Amino acid sequence: SLTSKFQSQKEQTNDQDLLNLGENVMAYGIALVSLEQFNEALECFRFSNNIFQAKYGSDHLRIAETLHHTGNVLEKLGDTSPSSDQLHEALELLTEALRIRKLHLVDSHPDIEETLLCLGKVHHRRGNIRYALDFFCAAVTARDSRLGRKSLRMNDAESFLQVGLLQQEAGEFRHALNSFEECLRIRRHIVKEDDS
């Protein structure tokens, strides 16, 4: 397994280079996520987190990053093999990542937005529509306060579409209609700019 290979490397690494090993293993995990090799990526993130916990303690931003990546991978693994245990762990890790990030970053920081979106996905997968909606709306609010509505991207339209779908699922049809209209307005604005 990867973990045993990493452990072997760790035993041969001096204390000063241990953080570099953790960074390299985490970078490898991120690459594996892009290749959709989620089980292997999970091993990388867990291994890196152990190194970072020992070196930094529990409230460091690097810990939040590894917790976020681990929770994100667990959510993705739930797509291929639905397990409430994986989703429950993803929820715990992402909640802790959000707590740590909020200690160090402003609410509009992209890392907080990213964790809010992941929490929304996990809650949606678990059937907690109300919580999912709250997290997606908080992510949209974070993006709006950081970028405003001047620098619209297709991701902004997609966020409003997701919020609208959740509102529709929750029976909030008037709010859903407003979200769908905002999604359409953003898409029209972007297409109009592209045509210019």
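**Terms used in the views.** Partly exposed describes a residue whose relative accessible area lies between the buried class, under 20%, and the exposed class, over 50%. The model shown in every view is predicted.

**View 1. A salt bridge joins Glu75 and Arg125.** The closest N and O atoms of this pair are 3.6 Å apart. Glu75 belongs to helix α4 and Arg125 to helix α6, so the contact ties together parts that lie 50 residues apart in sequence. The two partners fall into separate accessibility classes. Arg125 has 29% relative accessibility, so it counts as partly exposed. Glu75 has 7% and therefore counts as buried.

**View 2. Arg46 and Glu89 meet in a salt bridge.** Their side chains come to 2.8 Å, N to O. The pair links distant parts of the chain. Arg46 sits in helix α3 (residues 38-56), and Glu89 sits in helix α5 (residues 84-104). They are 43 residues apart. Arg46 counts as partly exposed because its relative accessibility is 33%. Glu89, at 24%, also counts as partly exposed.

**View 3. Glu65 and Arg62 pair within helix α4.** The salt bridge between their side chains spans 2.0 Å, N to O. Both residues lie in helix α4 (residues 61-80), 3 residues apart, so about one helical turn separates them. Glu65 has 21% relative accessibility and counts as partly exposed. The pair is part of a network of salt bridges that links Glu23, Arg62 and Glu65. Across the whole structure there are 8 salt bridges. Side chains of opposite charge can pair when their charged atoms come close.

**View 4. The largest pocket has a volume of about 330 Å³.** Its lining is made up of 16 residues. Leu117, Lys121, Phe136, Glu158 and Gln162 are the ones nearest the pocket centre. Sorted by class, the lining holds 6 nonpolar, 4 polar and 6 charged residues.

**View 5. Helices α6, α7 and α8 contribute to the lining of the largest pocket.** Helix α6 covers residues 110-125, α7 covers 129-147 and α8 covers 154-169. Each of these helices supplies at least two lining residues. The most come from α8, which gives 8 residues to the lining. Helix α6 also holds Arg125, the partner of Glu75 in View 1.

How values were computed
Residues are numbered from 1 along each chain as its sequence is written. This is a predicted model: local features need pLDDT of at least 70, side-chain atom pairs count only at pLDDT 80 or more; totals for chains, interfaces and linings use all residues. Side-chain values use heavy atoms; hydrogens and water are left out. On a 1 Å grid over the protein atoms alone, a cavity is a set of points where a 1.4 Å probe fits but cannot get out, and a pocket is an open set with protein on both sides within 12 Å along at least five of seven lines; lining residues have an atom within 4 Å of a point. Grid points are joined across faces, edges and corners, and a volume is the space filled by probe spheres set on the points. Helices (H or I, at least four residues) and strands (E, at least two) are DSSP runs, numbered from the N terminus. Ala, Val, Leu, Ile, Met, Phe, Trp, Tyr, Cys and Pro count as nonpolar, Asp, Glu, Lys and Arg as charged, and the others, Gly among them, as polar. A salt bridge is a side-chain nitrogen of Lys or Arg within 4 Å of a carboxyl oxygen of Asp or Glu. Buried means under 20% relative accessible area, exposed over 50%, partly exposed in between (1.4 Å probe, protein chains only).
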